[in-house]
Amino acid sequence: MKGVSTFGAFTTARLGIYAAQKSLDVTGHNITNINTQGYTRQRVDQMSLRVGGNDRYASSYDTLVGSGVLCTGVSQLRDPYLDIRFRNEQASLGMMDAKLSGLEELTSILDEVSKGDGNGIIEGQFNDLVTQIQNLNDNVGKEEFDTLVRSSAHSLVKLFNNYAEKLNTIKDNQVIGFNQDIDSVNSILTNIRNLNDSILKSEIHGDPALELKDQRNLLIDELSNYTKINVEYKSVQAGAGKSVDQLVIRLAGTTDGGENSQATLVDGSYARQFSLRDVTPNYNYDLDLSALENSNGSQIADENILDSSTSPATPVVGSLSLGDCDLYGSIQATRELLTEAGEFTLDSVVNGISATDPSDPSTATPPIDPAAASKRGIPYYQKALDSLSQKLASVFNEANTAYLSDAQGNYVNSSGEPIPLDDSGTSGNITKDTTLTPELQERLKDNGIKLGGALFTDGRTDDSTLATDPPKITASNISISKSWAVGDVRILNSTVMGATAAAPNATDNSNIVHLLNLMDSKHSFIPGDVTADALDASTPFFNGSFQQFLSNTSVVLSNDYKSTATLLNNYDATSNEISTNRDGISGVDLNDEATNLMQYQKSYAAACRLMTTLDEALEKLINGTGAVGR
Amino acid sequence: MLRITTSGVMRTYKSNLMRSSNQLYDARNKVLTQRNFNSYAEDPAAATQAFKMRRIFSRTSDQLSNNTSLISRFESASTAIASTKNLVEEAANDAGLRSISDPTASGRQPLGEVLSSTAESIVQALNVQYADSFIFAGNDALNPPFSWGDNGNLLFRGISVNSGGVGVRPEGTPPNPAEVASGSEWDQYYTDNPDFKKLAQMSYETAYIDIGNGLSEDSNGDIDSASAFNSAISGINILSFGLDEDGDPKNAVSIIKELSDILKRCDSESGAYANDEDKVAATCLTDKLQKALSSITNKWTSMDAEAQYLKSNEERLTEYSNSINEQILGLEQADLADAITDFSWAQYCYNSALKVGNSILSQSLIDYMN
């Protein structure tokens with residue numbers, strides 16, 4: 001009769017003890033790892049054992065009983081959906097965090113609030129310049145007041161130089177950080193690849209390698225901060241009918257992403273590496289991905305990137321170029337901080353370049369980033385300061401350079417006579433309203449009386465080259481002109497001749513009042529003044545006075561900062577919540593483990609009790625049966 | 001959440017504690033700096049407004065200091081014109097009453113000397129300076145405005161004040177030569193009388209000072225005269241210039257000088273006029289001196305009115321400046337009572353959070369197992 005085995009029950013007891021022992025081991029493992037970062041709680045998988053098949057001579061009175069418990073393995077409790085949500089939040093968090101830290105550095109330089117006794121530093125200096133011009137206005141002809149204006153202007157341009165230098169330093173620091181980030185990402189990708197190798201080998205040999213998987217998950221979490229990724233597990237045959245899971249990490253792609261925006265970063269034992277594109281200069285800090293390689297250097301194709309030129313399309317082997325908007329995360333945030341110039345963006349970046357050969361559309365250059373005009377990074381603020389310096393210099397220089405005219409508006413010669421338009425003298429005179437052709441300019445230059453001179457230049461030592469080689473003034477090179485510095489040129493008090501001589505009256509302040517008015521009147525700031533090929537290069541992006549422009553730049557920065565901080569707080573809160581939920585599934589809870597301890601200890605004791613009972617029962621059978629009359 | 005785990009609790013506690021700590025930090029900063037916001041990003045709208053107010057405050061301070069210096073200058077000018085008026089009045093009385101009437105005829109010659117020195121005194125009074133600038137020199141204030149020419153004529157910045165007279169002079173006050181239409185009557189008259197044109201130009205000179213009337217330029221790029229204060233005073237506007245329809249000078253000093261010459265020519269003992277023309281001229285000039293005197297009196301009154309205007313403008317600017325200052329304080333300065341209350345509350349919340357932390361790691365089943 002089947003199913004009756006004298007010593008079979010010992011196996012059951014032994015298996016029970018073993019299962020309880022294993023479970024206690026796992027519980028102990030969980031408890032000791034309660035503070036390990038990234039640890040996922042484990043549990044023993046048990047299955048009840050049934051040994052037996054169909055007996056040819058089975059009877060319906062046979063009773064088949066199972067033979068105990070089998071430990072089929074140890075598994076982790078982890079919710080992959082929460083992992084996906086967490087990693088998506090991490091990408092947004094990384095993006096905002098990197099952006100905010102860059103904006104904070106900019107704020108520390110450009111924020112004028114509560115500096116300079118509350119008047120701001122550059123703002124305060126502008127106010128001081130106006131005060132000195134007001135003093136000069138009331139004291140025309142006294143050179144010491146001109147010197148006061150010059151000193152104030154000198155302080156102002158020094159501030160511009162100083163700020164431009166600090167902005168350059170921030171940019172350089174960000175570049176260093178960016179390179180370090182790329183190195184970190186590359187080392188993470190390499191480590192993930194190596195872990196994939198180890199996990200694969202372990203799994204083939206039957207070891208689920210749970211701790212290695214935890215380490216790998218930690219690395220993937222870290223990677224998701226740098227760029228948004230999609231993580232997949234695909235099943236591959238490991239041979240002999242055994243299949244194992246293989247990790248594939250891909251770039252998640254973005255709404256403005258190009259054809260390579262969903263490239264594979266890691267495919268099992270093969271991984272790519274990021275690198276800066278090898279072009280000089282690499283203004284956009286463009287990135288390339290190397291080929292999918294394993295530790296031996298052999299390459300495979302990327303199944304997600306297909307070469308459309310072949311038919312059917314084949315996966316591409318080898319390196320790839322990433323577009324401007326293919327990434328989303330802290331790397332992209334740093335790139336945007338380093339490259340985005342807002343209103344000063346080049347037209348070719350937003351609209352592309354039309355085909356050089358009209359009959360061949362492929363010679364056109366596509367746009368790099370159609371949304372670039374609304375993104376502002378360090379270059380925008382550098383160019384904004386350049387724009388302000390350039391406008392200040394050009395307004396002052398224009399107001400301070402003129403030809404002498406009379407009260408009716410005619411330009412006059414050294415005798416005080418109006419200069420006629422031509423030699424006949426019958427067609428009228430050159431006036432302030434006349435459009436000056438090159439000929440008329442020559443005539444004026446030969447006959448007229450030139451007054452004043454440039455007050456601001458790019459720091460050159462020879463002002464005579466200003467006419468032939470006009471200066472390109474930026475915040476880092478703006479300075480008081482050499483002539484003003486040595487006193488050859490002073491602020492021009494008037495451009496109109498007096499009643500008694502072919503020269504302005506000594507205390508006529510009409511040009512100084514004009515300058516005063518210019519300090520507070522509206523000017524048009526156009527991108528083309530700073531970047532010749534900018535988008536909408538001739539449309540003003542701001543109309544206002546110098547100080548209003550400064551205020552506007554601060555407002556743009558602070559609004560950006562405020563909105564980024566708000567978004568960061570949101571993402572941080574969501575990320576924390578998901579993290580806590582993740583912990584809820586995979587974290588170790590002492591109450592749980594304590595209950596498990598009690599439970600498994602009791603089942604261990606019960607299994608031992610079973611063993612003892614069997615032992616006693618068999619003792620009776622072996623030693624106490626068939627010994628009649630002994 | 002399905003399960004509350006230790007690490008979940010720790011993470012949530014840490015992030016909430018950090019938030020509480022941040023709030024405490026912000027509240028403390030507000031009390032220490034006494035400002036409503038310490039960076040642009042904290043309140044961009046208020047910061048923009050505050051900087052705009054500060055800019056306006058700085059401009060108003062400049063305008064106030066301009067105004068104060070103008071008041072002093074105009075008061076000096078007013079004093080000089082008052083003494084000029086008195087001198088001219090004296091001369092008019094001397095010439096009018098004492099020299100014309102026959103009983104006092106013998107005093108004519110000495111009177112001539114007196115009138116001559118009166119003319120000198122008037123010129124000195126009008127060559128007065130204020131802070132190294134000549135007040136009555138119009139736009140050329142580094143040099144004295146009035147001087148005597150070689151032929152005894154009074155010169156204003158090198159031009160004889162008695163210029164003009166060729167052709168028929170059009171009616172009315174001479175307009176600004178810069179605004180005269182080409183080919184018009186005045187344009188022709190000015191062309192024929194270049195020195196008179198120069199005098200007219202000098203009488204219209206401007207030196208605009210910003211005293212808070214909204215400095216602005218018109219479409220030609222010239223300052224709008226209503227938006228600034230003209231501080232240029234031309235001495236010839238006070239004493240008058242040019243010749244009248246009889247060919248006699250309008251300038252008070254010139255008239256006094258001529259009278260003085262006539263009286264000096266009189267006989268030293270009898271006081272008789274040198275000739276009949278002199279007698280007629282003396283009577284005529286005496287009347288014209290009265291007209292010149294009334295012109296000076298008008299000018300003195302209007303100068304006084306301008307000085308009064310400057311004083312009331314000073315009050316207006318001072319009040320405006322105070323009001324702007326209050327606005328700035330309202331925007332920037334924190335109400336300390338509120339700030340301290342907020343700080344106390346934030347500190348209390350932070351201490352409570354710390355206290356929670358003591359019991360964060362509550363006991364578990366393991367502590368109760370034996």
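In the predicted model examined here, the side chains of A:Asp288 and A:Arg277 meet in a salt bridge with an N to O distance of 2.9 Å, a salt bridge being a side-chain nitrogen of Lys or Arg within 4 Å of a carboxyl oxygen of Asp or Glu. This pair links distant parts of the chain, 11 residues apart, with A:Asp288 in strand E8 of chain A and A:Arg277 in the loop between E7 and E8 of chain A; helices (H or I, at least four residues) and strands (E, at least two) are DSSP runs, numbered from the N terminus. A:Asp288 counts as buried at 17% relative accessibility, whereas A:Arg277, with a relative accessible area of 22%, is partly exposed; buried means under 20% relative accessible area, exposed over 50%, and partly exposed in between (1.4 Å probe, protein chains only). Because this is a predicted model, local features need pLDDT of at least 70 and side-chain atom pairs count only at pLDDT 80 or more, while totals for chains, interfaces and linings use all residues. Side-chain values use heavy atoms, with hydrogens and water left out; residues are numbered from 1 along each chain as its sequence is written, and chains are lettered from A and ligands numbered from 1 in the order in which they are written.

Strand E8 (residues 287-289) of chain A pairs with E12(A) in the antiparallel sense over 2 bridges, and two strands are taken to pair if DSSP finds at least two bridges between them. These strands belong to an open sheet of 3 strands in chain A, which has the order E7-E8-E12 and antiparallel pairing. Strand E7 (274-276) and strand E12 (320-321) of chain A stand at the edges, each with a single partner strand, so one side of each lacks a neighbour in the sheet. Helix H4 (residues 143-204) of chain A packs on this sheet, where it touches E7 and E8 of chain A, and its direction makes about 155° with that of E7(A). Contact means heavy atoms within 4.5 Å, and axes are lines fitted to C-alpha atoms, for helices over the stretch in contact, with angles running from 0 to 180 degrees between N-to-C directions.

An open sheet of 3 strands is found in chain B, with the order E3-E4-E5 and antiparallel pairing. Strand E3 (146-148) and strand E5 (159-160) of chain B are at the edges with a single partner strand each, so one side of each is left without a neighbour in the sheet. Strand E4 (residues 154-156) of chain B pairs with E5(B) in the antiparallel sense over 2 bridges, and B:Phe156 stands opposite B:Ile159 in E5(B). Helix H3 (residues 108-126) of chain B packs on the sheet by touching E3 and E4 of chain B, its direction making about 145° with that of E3(B).

Helix H11 (residues 510-520) of chain A is largely enclosed by the rest of the structure, because 8 of its 11 residues are buried; among them are A:Ile512, A:Val513, A:Leu515 and A:Met519. The buried residues of H11(A) pack against helix H3 (122-138), helix H8 (378-400), strand E17 (523-525) and helix H12 (546-586) of chain A, together with strand E6 (208-209) of chain B.

The contact between the chains takes 61 residues from chain B and 62 residues from chain A. Chain B and chain A bury about 5200 Å² between them, 50% of it on carbon and sulfur atoms, where buried area is the accessible area (1.4 Å probe) that two parts lose on being put together, summed over both. Between chain B and chain A the count is 5 salt bridges; A:Asp520 forms a salt bridge with B:Arg59, the closest N and O atoms being 2.6 Å apart. The largest share of the side of chain B that touches chain A, 12 residues, comes from H2(B).

Over all chains, a search of the whole structure finds 39 salt bridges. B:Arg35 forms one of these with B:Glu332, with the closest N and O atoms 3.7 Å apart. This pair links distant parts of the chain, 297 residues apart, B:Arg35 lying in the loop between H1 and H2 of chain B and B:Glu332 in helix H8 (residues 276-332) of chain B, and both residues are buried.
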